[in-house]
Amino acid sequence: MKLAIVGYGKMSSAIAKAAKEFFSSTDSQLFVYTPSSSSADRAKEDLAHVQICEDMETLCSQADMILFGVKPQMMLGLLDTHAQNLKRKAVISIAAGLTSRSIQSVLGEDVEVIRVMPNLAALVGKGMTLISEEHTLSDEHLAYVTDLFASIGRVKFLPEGLMDIGSVLSGSSGAFYTVFVEALAEAGLRRGLKYEDALELALQNHAGTIIQLQEGIDPSTLRVDTSSPSGTTIEGLIALEKTGLRRAMHEAVEASFRRCVELSKQ
Ligand SMILES: NC(=O)c1ccc[n+]([C@@H]2O[C@H](COP(=O)([O-])OP(=O)(O)OC[C@H]3O[C@@H](n4cnc5c(N)ncnc54)[C@H](OP(=O)(O)O)[C@@H]3O)[C@@H](O)[C@H]2O)c1
């Protein structure tokens, strides 16, 4: 497959670096167009045999599939400008909030379009990529995209209407999580632990908890199992409920979701 990447920023570079083995095992040819020379240099350092293209026209003429790693606000304008060059190509969008239909309507019917939503955990091979069920890829291209993202973590297909909320849970929630562990570590620091020790304890506990939850233990069962009668954990849990952690999570998810919807309208 000849795969091109437009914009070598945080997310697209994370995908490209994490999928290096996949690219070599599938004999993929890689092309990158990114406006700044600093990002182009990074791509050359990161990826063996990548061909850096001078402009979009060259990139489009070389590739079968083109992954756009640009900001959502500029995505539709960029597609519109290059619509002629993209005819009969397959376009992979990772842009937050942009529906498959809006992309397809700019490009027309003779372009294959797929909307995927990866996350930065791809960098450590633990990505979660959502793929919209509303796509127009050929079977061969769909298999390639699915295998590419499966090589850097998990892949889940979702109906288009659930992609925005799914993106918040699989994308933004990692950042929410950093606030949670940081607050725990600070609370340990307050009571005498060194910050690095407190962070290590919190993270190791989380790692174990997450594995148990991923293995299928229900969160409420695990919570009860961790809480002894009249013990320490139940006191902490009551304090969490009183101070409204659950409500804060709902607010955070709703705010991110609303922004996702706003972006799709810009
Ligand atoms: N970051 C995440 O966690 C994440 C997760 C899921 C999805 N996404 C999606 O990924 C996309 C990129 O986000 P990001 O965080 O990676 O942003 P980013 O780091 O700012 O990267 C944006 C890239 O766009 C390039 N660019 C700017 N103008 C361009 C143009 N006219 N033509 C071609 N390329 C151009 C930039 O090139 P230069 O570097 O050369 O200036 C830059 O490499 C967004 O649509 C976002 O919704 C991001």
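Start at helix α6, residues 100-107, in this predicted model. Ser100, Ser102, Ile103, Gln104 and Leu107 are buried there. These buried residues pack against α5 (72-81), β5 (90-93), β6 (112-117) and β7 (127-132). Just after α6 comes Gly108, with a positive phi of about 85 degrees.

Now turn to the salt bridges. The count comes to seven. One of them pairs Lys87 with Asp110, whose closest N and O atoms are 3.7 Å apart. Lys87 sits in the loop between α5 and β5, and Asp110 in the loop between α6 and β6, 23 residues apart. Lys87 is partly exposed, with a relative accessible area of 23%. Asp110 is partly exposed too, at 35%.

Next, look at Arg115. Glu160 forms a salt bridge with Arg115, with 2.7 Å between the closest N and O atoms. Glu160 lies in the loop between β8 (153-158) and α8 and Arg115 in strand β6, so the pair ties together parts that are 45 residues apart in sequence. Buried means under 20% relative accessible area. Glu160, at 12%, therefore counts as buried. So does Arg115, at 1%. Arg115 also forms a salt bridge with Asp164, again with the closest N and O atoms 2.7 Å apart. Asp164 is in helix α8, 49 residues from Arg115. Asp164 is buried. Shared partners join Arg115, Glu160 and Asp164 into one network.

Finally, find the second largest pocket. About 920 Å³ of space lies in it. Of its 33 lining residues, Met11, Lys71, Pro72, Ile94 and Ala96 are the closest to its centre. Helix α8 gives the most to the lining, with five residues. The lining divides into 19 nonpolar, eleven polar and three charged residues. Domain 1 (2-158) and domain 2 (166-265) each supply at least three residues of this lining.

Conventions
Residues are numbered from 1 along each chain as its sequence is written. This is a predicted model: local features need pLDDT of at least 70, side-chain atom pairs count only at pLDDT 80 or more; totals for chains, interfaces and linings use all residues. Side-chain values use heavy atoms; hydrogens and water are left out. Buried means under 20% relative accessible area, exposed over 50%, partly exposed in between (1.4 Å probe, protein chains only). Helices (H or I, at least four residues) and strands (E, at least two) are DSSP runs, numbered from the N terminus. Contact means heavy atoms within 4.5 Å. On a 1 Å grid over the protein atoms alone, a cavity is a set of points where a 1.4 Å probe fits but cannot get out, and a pocket is an open set with protein on both sides within 12 Å along at least five of seven lines; lining residues have an atom within 4 Å of a point. Grid points are joined across faces, edges and corners, and a volume is the space filled by probe spheres set on the points. Ala, Val, Leu, Ile, Met, Phe, Trp, Tyr, Cys and Pro count as nonpolar, Asp, Glu, Lys and Arg as charged, and the others, Gly among them, as polar. Domain bounds come from an automatic or database domain assignment. A salt bridge is a side-chain nitrogen of Lys or Arg within 4 Å of a carboxyl oxygen of Asp or Glu.
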